[in-house]
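Please look over the sequence and the structure shown below before reading on. The report that follows starts from a single residue and then widens to the whole chain.

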Amino acid sequence: MRVGVFTPLLSKLPLDAVLKKLAELHIETVELGTGNYVADAHCKLSMLESSSALSEFRKIMADYGASISALSCHGNPLHPDQARARRDREVSRQTILLAEKLGVPIVIDFSGCPGDSPNSTAPNWVTCPWPPEYREVLDWQWSKVVEPYWIEHARFAADHGVKIAIEMHPGFVVYNPETMLRLRSIAGNNVGCNFEPSHLFWQSIDPIGAVRLLSDSIFHVHAKDTQLYPVNIQRTGVLDTKSYADERNRAWIFRTCGYGHGAEWWTELISTLRMFGYDYVLSIEHEDSLLSPSEGLTKAANFLNSIVIREQPGAAWWT
């Protein structure tokens, strides 16, 4: 297991400065955004058409001894606005092609969310089975939109030697272990999840229990925490639509690792991930509105580095 960083929080810095800063925090692995909802500040899809740009990118990575855990193109490939869907799908396809060129094994994306009919203009996230038209919408979404796209897209990724890790997020059709496993049963084992404990906490799902359910479908892990505020949950429940900046009144907010849950909890998560076959990267994602990006990154890096045991290649477990 090793600690990495999802770099949009450092998007104002050039790639070499990012890698230098991370090296000072004893981090040599990065997850890079390529577009859609995430900034492409450090990994441009235009490198597919420029051998010189690709060579320069590889040189910078090699100079700092850095590796890439995943390329991320979080978008909505199922958006009912067809132009928007085509754009997000194309970014995802190009990200897979770039991952193939760079030897990156994983591309991270959202599952997407359709509208309620072929004539919709906005996504429609269904959260209850009644009145009955909601269930009809959900059945239509999966059978007519989700299944055709993801069967084809998963095959495309597999043909290029890349796995797709879906980040389970409310607002999209895949948002919990059940919907993640449903999509995987449809699209095949080349589709798994980018495990994000913070998104499970605020749905009242135990992330450690979820690891046991998801097992070998976990391809990548985001390291981000959530703090719940019971006094506010009594008023809103966990489906809180207030601005993330309204921390005092929200039912929950995203926190830097260690601020929502302590070392004992994170140690148990890491142990359970290993128990079920995951021994790859914990990629720090900073979305803590109470800490600056620099402060949040430093605290998360120091916290995780203090509890993650880095194995040396070839070393026996008892040494």
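## A buried aspartate and its surroundings

Asp88 counts as buried, because its relative accessibility is 1%, where buried means under 20% relative accessible area, exposed means over 50%, and partly exposed lies in between (1.4 Å probe, protein chains only). This is a predicted model, in which local features need pLDDT of at least 70 and side-chain atom pairs count only at pLDDT 80 or more, while totals for chains, interfaces and linings use all residues. Residues are numbered from 1 along each chain as its sequence is written, and side-chain values use heavy atoms, with hydrogens and water left out.

Asp88 lies in helix 3, which covers residues 82–102; helices (H or I, at least four residues) and strands (E, at least two) are DSSP runs, numbered from the N terminus. Leaving aside residues up to four places away in sequence, Asp88 touches Asn36, Gly75, Asn76 and Pro77, a contact being heavy atoms within 4.5 Å.

Asn36, one of the residues touched by Asp88, sits in the loop between strand 2 (29–33) and helix 2 (51–63). The phi of Asn36 is near 65 degrees, a positive value in a residue other than glycine.

## Other backbone features

Most residues other than glycine have a negative phi, and most peptide bonds are trans. Ser204, which is not a glycine, also has a positive phi, of about 65 degrees, and its place is in the loop between helix 6 (197–201) and helix 7. The peptide bond from Trp130 to Pro131 is cis, with omega near 5 degrees, and Pro131 is found in the loop between strand 4 (106–109) and helix 4 (132–159).

## Buried and exposed places

Which residues does Phe254 touch, not counting residues up to four places away in sequence? They are Ser198, His199, Trp202, Lys224, Asp225, Thr226, Tyr244, Glu287, Asp288 and Ser289. Phe254 belongs to strand 9 (residues 252–255) and is buried, with a relative accessible area of 5%. Ser204, by contrast, is exposed, with a relative accessible area of 61%. Gly209, which has its place in helix 7 (residues 207–214), is partly exposed at 27%.

| Pair | Separation in sequence | C-alpha distance |
|---|---|---|
| Asp88 and Lys163 | 75 residues | 18 Å |
| Gly209 and Ala263 | 54 residues | 17 Å |
| Phe254 and Ile164 | 90 residues | 25 Å |

## The chain as a whole

The secondary structure of the protein chain comes to 10 helices and 10 strands. With 319 residues, a compact globule would have a radius of gyration near 20 Å, and the 19 Å of the protein chain agrees with this; the radius is taken over C-alpha atoms, and the globule rule is 2.2 Å times the number of residues to the power 0.38. Of the 319 residues, 50% count as buried. Among contacts between residues at least 6 apart in sequence, 78% join residues at least 24 apart.

The protein chain averages a pLDDT of 95, and 97% of the residues score at least 70, pLDDT being the predictor's confidence in each residue, from 0 to 100. Over residues 312–319, however, pLDDT stays under 50, and the model has zero contacts beyond four places in sequence for these residues. Where pLDDT is low, the predicted coordinates should not be read in detail.
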